[in-house]
Amino acid sequence: MSDDAGVSLGNVFQNPAVLGAIQGRLNSLIGHSSGYVESLPAEVQRRLNALKNLQDKHTAIEAKFREEILALEKKYLTQYQPLYEKRAEIVTGKTEPSDEESHREPDEDEDVPEPKIQEIKDEPAEPVKGIPEFWLTIFKNNPTISETVTDKDEVVLKSLTDIKVSYLPDNPGFKLEFFFDNNEYFTDKVLTKTYFLSNSPDAAYGDVVYDHAEGCDIHWAEGKDLTVTVEIKKQRHKGTNKTRTIKKTVPAETFFQFFKPPKPPADEDDADEEELHELDAKLEADYEVGEIIKEKLIPRAIDWFTGKALEYEEGEYDEDEMGEWFDGDDDDEEDDDDDDDEGGEGQASTEKPPECKQQ
């Protein structure tokens, strides 16, 4: 092949229309048989049917296994709950732990900070109540959730005092409750997010399948709604030459979009493939945040506050080890990582979500 032909072929594959057509063709092949299995002899087909029957039985057993695991999770949550309640009391300052409760031998790999000598002042320092910014610090220490927290969110999340999880009675899903102190942004004391899942023998491989999520209305104070941004535009009338000001609200990037979960279009047949792909990505990201809060942050809150939990996260390496792996790489590859920091915008729901609790 000549150099000109190589350049020409390269230009073809840089054409978005060509790449889109190729991708569409590849997607159309997914799930379609190559014809190999159908061409096998009848005696082999008979054995394959036997294996399929065995797989069906395995899937049914696995579904039962997941049901029993869920029952165990519910059982042990009742044992965890008193510990979580005690934690909340200490965090908010309602309870001061005793000397016995506070005594702890340092771990071998734990750095014990030296006590700081306070400067002597004429007026005694005001005592600190509880553990300030406990949950905000946890959110900022988690790589996934920290990407959703803006500077404005931090002001509100300082008043977040506790997060609770509970299981749904007739569904393998779960509910998250976020408790807040008084703040100038909204009047709600509790914000909720509920994830509905399904688990049946018909589900592929017996997996628990995400169904949908429901958030709640947030009663924002006037001019304090972080989930929207007001865009102001001026329009000029062609005939009279008069101008008018148009105000339009658009979704804003904020952690509180978490309470406005993405909704599928009313008619998915009318949505194009790109829209559905974007929706799938948003649904996946939304569920990931809920799962992280349920499975990681609530059970091991103190480890996330101190940063210890990061040591056990999969895929986390220290800087020296990362340097050994990536020494000699082009700077272009490092620049590519900067493009992955963009977060998705939430979508306003047309359905009426549950009211947030006003306690």
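Predicted model: local features only at pLDDT ≥ 70, side-chain atom pairs only at ≥ 80, totals over all residues.
Visitor: How many salt bridges does the structure hold?
Guide: The structure holds 10 salt bridges. One of them joins the side chains of Glu184 and Lys224, at 3.1 Å from N to O.

Visitor: Where do Glu184 and Lys224 lie?
Guide: Glu184 is in the loop between strand 2 and strand 3, and Lys224 is in the loop between strand 4 (209-214) and strand 5 (228-236), so the pair ties together parts that are 40 residues apart in sequence. Glu184 is exposed, with a relative accessible area of 51%, while Lys224 is partly exposed at 26%.

Visitor: Let us turn to helix 3. What span should its 51 residues have?
Guide: At 1.5 Å a residue, helix 3 should span 75 Å; the C-alpha atoms at its ends are 70 Å apart, which agrees.

Visitor: And where is the kink in helix 3?
Guide: A kink of about 35° lies at Gln79, shortly before the proline Pro82. After the helix comes Gly93, whose phi is positive, near 85°.

Visitor: What do the buried residues of helix 3 pack against?
Guide: They pack against helix 5, strand 1 and helix 9. Among the buried residues of helix 3 are Leu70, Leu77, Tyr84 and Val91.

Visitor: You mentioned strand 1. How many of its eight residues are buried?
Guide: Six of the eight are buried, so strand 1 is largely enclosed by the rest of the structure. Seven bridges join strand 1 to strand 2, and the two run antiparallel. Val165, for instance, has Leu176 in strand 2 as its bridge partner. The hairpin that joins strand 1 to strand 2 passes through six residues.

Visitor: Which residues have the most contacts inside the largest nonpolar core?
Guide: They are Phe139, Phe178, Leu191, Phe255, Phe256 and Ile293, in a core of 43 residues. The elements that each supply at least two residues of this core include helix 3 (42-92), strand 1 (160-167) and helix 8 (273-297). Helix 5 gives the largest share, five residues.

Visitor: What does Phe255 touch?
Guide: Leaving aside residues up to four places away in sequence, Phe255 touches Phe139, Ile145, Thr148, Val149, Asp153, Leu157 and Phe178.

Notes. Residues numbered from 1 in each chain as written. Heavy atoms only, no water. Core = buried A, V, L, I, M, F, W, Y, C linked by side-chain atoms within 4.5 Å. Buried < 20%, exposed > 50% of the residue type's maximum accessible area, 1.4 Å probe, protein only. Helix = DSSP H or I, 4+ residues; strand = E, 2+ residues; numbered from the N terminus. Contact = heavy atoms within 4.5 Å. Expected span 1.5 Å × (residues − 1). Bend = angle between axes of the 7 residues up to and from the residue. Pairing = 2+ DSSP bridges. Salt bridge = Lys/Arg side-chain N within 4 Å of Asp/Glu carboxyl O.
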